[in-house]
Amino acid sequence: MDLKVTIGKTTFENPVWAASGTFGNGDEFQDFLNIGEMGAVVTKTVTLRKKKGNPPPRLVETPSGLLNSIGLENKGIRCFKKEDLPWLKRSGTRAIVSIAGETKEEFVKCAEELTGRHRPDAIELNISCPNVSHRGGKHCLFSQDPVITERIVSAVRRSTGTTLIVKLSPNVTDIGIIAEAAQNGGADAVSLVNTYFGMAVDAEEMRPCLGNVTGGLSGPAIRPMALKAVRDAYNSVSIPVIGVGGIMTGTDVAGFMLCGASAVQAGTVNLVEPAAYKRILREFIAYLKRKKINRAGDLVGKLRI
Ligand SMILES: Cc1cc2nc3c(=O)[nH]c(=O)nc-3n(C[C@H](O)[C@H](O)[C@H](O)COP(=O)(O)O)c2cc1C
């Protein structure tokens with residue numbers, strides 16, 4: 001069975017990956033999984049300088065979903081390079097480092113840090129985190145604006161030859177336009193979706209459940225919307241689309257690929273079931289066998305919708 005997928009200059013052994021922010025930097029999951037057998041691990045987003053994140057509570061369960069408002073807490077890229085990246089690179093999986101910044105220059109500086117022996121297999125540009133603000137405005141994301149999206153992607157593209165994936169927000173009117181802007185900027189692929197804006201209220205206590213009031217919704221609750229976003233992006237660009245949002249099973253992986261995803265990332269499921277990755281990949285392979293499909297890539301966009 002051929003499960004390989006190539007994005008930019010990087011070939012991945014299989015199309016099922018772990019999503020940013022839900023899998024630590026890989027090492028936390030060693031007791032549950034053989035990390036080397038994973039298609040890829042996308043690290044927690046790192047920024048130029050260390051970030052404290054948002055006030056607690058930062059997680060609340062909702063019907064079929066999870067709301068989070070972590071706010072990109074991380075130790076900063078230099079510390080990450082020293083303490084986490086070497087292990088992930090040695091583990092045998094493909095290391096995708098997720099980076100974010102408050103300005104275009106910060107994105108470029110982060111990408112420039114990831115060179116030489118610190119070069120990952122790919123960089124994922126997180127221009128879509130719902131839990132941080134820029135330009136002084138809350139809920140104002142770089143990836144809500146096609147001009148800013150193209151500008152950031154092309155600046156990073158000029159600064160690195162590493163495979164570049166751009167992660168998009170679903171909190172837009174037409175995700176196809178944003179995907180096109182990322183493609184015009186020189187992205188090798190787009191990944192979508194990041195979380196949907198949301199909030200939960202504790203009516204008894206008459207207060208919001210999250211310390212930051214609003215957060216990002218993930219998990220099975222968002223899967224139907226994420227599938228549509230993947231289909232819309234697939235119909236708008238010629239670069240690969242990576243599907244993210246509510247994946248719980250191997251048949252969910254197939255569903256995203258049928259809608260146009262070349263690879264997928266599973267997120268929230270890792271928090272509920274730490275060994276989920278192994279099961280999802282096994283189920284996906286069983287699906288392919290059941291359907292007598294020898295190349296996973298043959299599924300991509302097969303729905304033609
Ligand atoms: C607790 C938590 C933290 C997350 N942190 C990040 C992050 O640092 N960077 C990022 O790009 N996405 C982050 N995400 C979004 C996920 O990578 C993914 O896009 C989203 O959760 C949808 O997929 P899922 O429904 O499978 O979780 C986070 C999601 C959760 C639940």
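In which helix is Arg157 found? The first legend answers this, and every view is drawn from a predicted model.

**View 1. Surroundings of Arg157.** Arg157 belongs to helix α4. Its contacts, leaving aside neighbours within four places in sequence, are Thr162, Leu164, Gly185, Gly186 and Asp188. Ala111 is 46 residues away from Arg157 in sequence, yet the C-alpha atoms of the two are 9.1 Å apart in space.

**View 2. Packing of helix α3 against helix α4.** The axes of α3 (residues 104-113) and α4 (residues 146-159) come within 9 Å of each other and cross at roughly 30°. Because angles under 35 degrees count as roughly parallel, α3 is described as roughly parallel to α4. The crossing of α3 past α4 is right-handed. From α3, the residues that take part are Lys104, Phe107, Val108, Ala111 and Glu112, and they meet Arg151, Ile152, Ala155, Val156 and Ser159 of α4. Sorted by class, this contact comprises six nonpolar, one polar and three charged residues.

**View 3. The largest nonpolar core.** This core has 82 residues, and those with the most contacts inside it are Ile99, Leu125, Leu192 and Phe284. Helix α9 (residues 276-290) gives the most to the core, namely seven residues. A second, separate core is made up of 12 residues, among them Ile7, Ala40, Ile165 and Ala189. In soluble globular proteins, nonpolar side chains tend to be buried together.

**View 4. Contacts of Leu192.** Not counting residues up to four places away in sequence, Leu192 touches Leu168, Ile175, Ala229, Val230, Ala233, Val241, Ile242, Gly243 and Val244. Leu192 is also one of the residues with the most contacts inside the largest nonpolar core.

**View 5. The enclosed helix α7.** Helix α7 (residues 250-258) is largely enclosed by the rest of the structure, because seven of its nine residues are buried. The buried residues are Gly250, Asp252, Val253, Ala254, Phe256, Met257 and Leu258. Their cover includes β3 (16-18), α6 (223-234), β15 (241-244), β16 and α9. Just after α7, Gly260 adopts a positive phi of about 125°.

**View 6. Ser262 in strand β16.** Ser262 lies in β16 (residues 261-266). Its relative accessibility is 15%, so Ser262 counts as buried, the cut-off being under 20%. Beyond residues up to four places away in sequence, Ser262 touches Val5, Ile7, Pro15, Pro240, Val241, Met257 and Val300.

Key. Residues numbered from 1 in each chain as written. Predicted model: local features only at pLDDT ≥ 70, side-chain atom pairs only at ≥ 80, totals over all residues. Heavy atoms only, no water. Core = buried A, V, L, I, M, F, W, Y, C linked by side-chain atoms within 4.5 Å. Buried < 20%, exposed > 50% of the residue type's maximum accessible area, 1.4 Å probe, protein only. Helix = DSSP H or I, 4+ residues; strand = E, 2+ residues; numbered from the N terminus. Contact = heavy atoms within 4.5 Å. Axes fitted to C-alpha atoms, helices over the stretch in contact; angles between N-to-C directions. Parallel < 35°, antiparallel > 145°, perpendicular 65-115°, else oblique. Left-handed = near helix turned anticlockwise from the far one by under 90°. Nonpolar A, V, L, I, M, F, W, Y, C, P; charged D, E, K, R; others polar.
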